[in-house]
Amino acid sequence: MAESLPRVMWLLNHPTARKFELAMLKKLGFTEFFLPKNFPQDVTFRSASVDYSEDAALTIPAGDLAILNAADWYSGPDRNTWEIANRHFDLLFFIAWGETIFGSVSRHFRGAAILRAYGLSEGYSYGGLVDMVTGGRRTLESLGRRFWLGTAYDNLGAVEPPWFQGRELYLPLGLADCRIREDWTGINSSIFFVCPDVASNPYYRDVYRDFKHEFAGFPYAVGGAQSVSLSSSDPHLLGFVPREEHQKNMREFRVMFYHSTEPTHVHYTPFEGVQAGMPLVFMGGGLLDRLGGIDQPGRCRSYREARAKIRRILDGDRSLIDKIRTNQVRLLDQMRPEVLEPAWQRGIPRVLSELKTMQVRRPGPLRRRRIAVMLPLAYRGGTLRSAKLLAQALWTGSRQAGEDAEVVFCYPEAESAMPDQWDSDLPPAISRRLLKWTELERDAALRAMRFAGNSTWRPFHKIYLAPDDGVRQMYDCDLWIVVSDRLTAPLLPIRPHVLAVYDYIQRYNPDILPVKDVLRVKDETFLAAARHAERILVTTRFTEQDALVYAGVARDKVFRVPMLIPEFTPGERPSAVLGEPYFLWTTNLGPHKNHHNAATALREYYERMDGRLECRVSGVQSESLLESDLPHLQSLAELAAESEALRSRVRILGEVPDARYRRQLSGARFLWHPARIDNGSLTVVEAAQMGVPSLSSRYPAMEEMDANFGLHLTWMNAQDPDDMARQLKWMEENACQVRNRLPRREELAEHCVERVAGAYWSVTRECL
């Protein structure tokens, strides 16, 4: 019989529960279990030793086992790891450890998944918890009849919503060993109270605060590991101790107090005390009542009664001590393996029977996935180019992996200076769509989510954004990737979505507008967009750190991927005698482009340093630099009006087609990048591909680019116009020598889309 039973994945980190539940499964004939070693360390359970000897019985290849053990199961392993799990395991036990676990299991596991429910605080349910952390129950509902809510106590299902009640599986929790030790002495006349992690866990912090208030003046010690050492400020906290010392404490303390009155949750602490023979005083009204404690002499209806009983015990009232110790043994009656085993014998066969009926172990091939790459605003320039490169990387990466996803590139309907250029340079296989963004009020958003099959989603904002391509509102795509976080309202989560965030320049430039003619919105709207996404893609450590610290995005949602660079093919370099020699300044109207300091530096370069090179200016809307009414550009026009040198030597080209831009770049002595701060500018890489060196402001993102691509950039201080002018003059005189240090074309080719597409696909495919 044992040979016909499936292997079991047991993704729980509770050592006492592990011992009991594996014993139950072994009694049912299961012989092979996987207990991952890479668990997040919950300080609550540090005091118990963990035995991973189950690995020895697993008949799976050692290489596969090593991959499974190396995975972080609670942050969500990659699809390849799940594929290994699916090859070897049909039954999975897991707990509600953060939001990632739900999506990871529901997307990838093809067997039966049992969410172990050990109980929550009063007023909470597992259905509500899943709604709260996933934005709706659809993540688990997608498992269908392969999902089970494995309740540890028979009253837990009563507080669950109907769908969870329909999937309830009663698998009671007990103790593998219920023997009572006979070595209790009680020589330490103090209260033993277990309360771990009082510094970081809000629940335990409140419990400890209440305990100190109610038992002020009583001698006590607090067991349980602490994530922060507080022994100097609170000598009552014992912190983590070895198992032998913990057992000594259980043997020597005079009395244990248990606080919880939760009707659907109980800790192992009181049962440990009973097993140790220590008298247990506990508050009534909780789950202990249901487990046989309603008439226990240690039960208390109020803290006043608890203090009175504990005072008698500490004073050595032998009659009360013996009465409590004799009667409390009955609390273990409902925890004995022989009592609980029949429920497991009824429950687990139900799971296996339905699993066999559905035949989900070897599903057929999945349909071809479709991914939308969408721009929220009518970007041009570098952001548009990056978005198109991202679409190419996904298309290429999926084919390199043999998974051939369809990619759709979506651009917002808007008046554009180049309406026929937004989709140029895309491979023909990538389809194009124009879209507009529709604002849905709360009720309309709720209806849309219900029609999409998300039965429990609730709106928390007045307005939501939804893309509209004039066909199916992009609903035919399995995943939306939005390039930037510049969403003026939360995105309706009708489909999973990912954000590609290139920078948080508003952090350093608080007056920045998202784009002309777009309403100014609070920065919190942008930050919330990132927090609500399934994943955030960033291309530099600089932006990665901002996403974590400034935007507050969870660590397991932020993924740094390689910077994508376009392939600029250099033509024959124009002869310097065909026109006046020049350098190229690429810019736009954004405040972070540092226009005032740049113009001041140019004036210094021409008027004081006899600068010989013409400055040509190109970029999105750059033709408006001297006519714009934006406040930060007013000084630029004033400087130009005052300086004949600026008017005669600075030539504004404006926004030009890519072909002309490449010609201008190819003929330049060098590229000038005087911006204050951003995610780094691809223009310096494009210049290097053309054999053109660059003079750049020095800030973290540019330093990363310089190191990653080996560009040997020449630096200047963007806050110091004098230094900027000096470096312009230096580049005028030394550009030829600097050009010789540029990376070879073959070196830059290592960063092309073909080479790094796999990294983009491996991150994205996990959201499908």
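Visitor: Are F211 and F215 buried or exposed?
Guide: This is a predicted model. Buried here means under 20% relative accessible area. By that cut-off, both F211 and F215 are buried.

Visitor: Which aromatic cluster do F211 and F215 belong to?
Guide: F211 and F215 share one cluster with other aromatic residues. The members are F193, F211, F215, F218, Y220, F257 and Y303.

Visitor: What lies over the face of F218?
Guide: F218 is one of the residues in that aromatic cluster. A residue sits over the face of F218, at 4.3 Å from the ring centre. That residue is R311.

Visitor: And what lies over the face of W148?
Guide: Here the distance from the ring centre is 4.1 Å. The residue over the face of W148 is R167.

Visitor: How many aromatic pairs does the structure hold?
Guide: A pair of aromatic rings is described by the distance of the centres and the angle of the planes. The structure holds aromatic pairs to the number of 26.

Visitor: What kind of pair do F34 and F89 form?
Guide: The ring centres of F34 and F89 are 6.0 Å apart. Planes under 30 degrees apart count as stacked, and over 60 as edge-to-face.

Visitor: Are F34 and F89 buried or exposed?
Guide: F34 has a relative accessible area of 0%. F89 has 1% relative accessibility. The cut-off for buried is under 20%, so F34 is buried and F89 also counts as buried.

Visitor: Strand β2 came up. Which strands stand at the edges of its sheet?
Guide: The open sheet has 6 strands, in the order β2-β1-β3-β4-β5-β6, with parallel pairing. Each edge strand has a single partner strand, so one side of it is left without a neighbour in the sheet. The edge strands are β2 and β6 (168-170).

Visitor: Within that sheet, what is the bridge partner of L115 in β5?
Guide: Strand β4 (residues 112-117) and strand β5 (residues 147-151) run parallel. They are joined by 5 bridges. In β5, L115 has as its bridge partner L149.

Visitor: What is the bridge partner of N188 in β10?
Guide: β7 also pairs with strand β10 (residues 253-258). The sense is parallel, over 3 bridges. In β10, N188 has the partner F253.

Visitor: Which residues does V194 contact, leaving aside neighbours within four places in sequence?
Guide: V194 is placed in strand β7. Its contacts beyond those neighbours are G223 and T269.

Visitor: Which residues have the most contacts inside the largest nonpolar core?
Guide: In soluble globular proteins, nonpolar side chains tend to be buried together. The largest nonpolar core here has 110 residues. Helix α14 (residues 337-358) gives the largest share of this core, 6 residues. The residues with the most contacts inside the core are F30, W73, F93, I191, F257 and I348.

Visitor: How many residues are in the second core?
Guide: The second core is separate. It includes L499, V501, I536 and A551. Its residue count is 37.

Visitor: Is I505 buried or exposed?
Guide: I505 is in the loop between β18 (497-500) and α17 (523-532). Its relative accessible area is 8%. Buried means under 20%, so I505 is buried.

Visitor: What do the buried residues of α18 pack against?
Guide: Helix α18 covers residues 541-549. Its buried residues are F542, T543, E544, D546 and A547. They pack against β19 (535-538), β20 (558-560) and α24 (700-709).

Visitor: What share of the residues in the whole chain is buried?
Guide: The protein chain has 27 helices and 26 strands. It has 768 residues, and the buried share is 55%.

Key
Residues are numbered from 1 along each chain as its sequence is written. This is a predicted model: local features need pLDDT of at least 70, side-chain atom pairs count only at pLDDT 80 or more; totals for chains, interfaces and linings use all residues. Side-chain values use heavy atoms; hydrogens and water are left out. Helices (H or I, at least four residues) and strands (E, at least two) are DSSP runs, numbered from the N terminus. Buried means under 20% relative accessible area, exposed over 50%, partly exposed in between (1.4 Å probe, protein chains only). A nonpolar core is a set of buried Ala, Val, Leu, Ile, Met, Phe, Trp, Tyr and Cys residues joined through side-chain atoms within 4.5 Å. Rings of Phe, Tyr and Trp (its six-membered ring) pair if their centres lie within 6.5 Å; planes under 30 degrees apart count as stacked, over 60 as edge-to-face and the rest as tilted. A charge sits over a ring if NZ of Lys or CZ of Arg is within 6 Å of the ring centre and within 35 degrees of the ring normal. Contact means heavy atoms within 4.5 Å. Two strands pair if DSSP finds at least two bridges between them.
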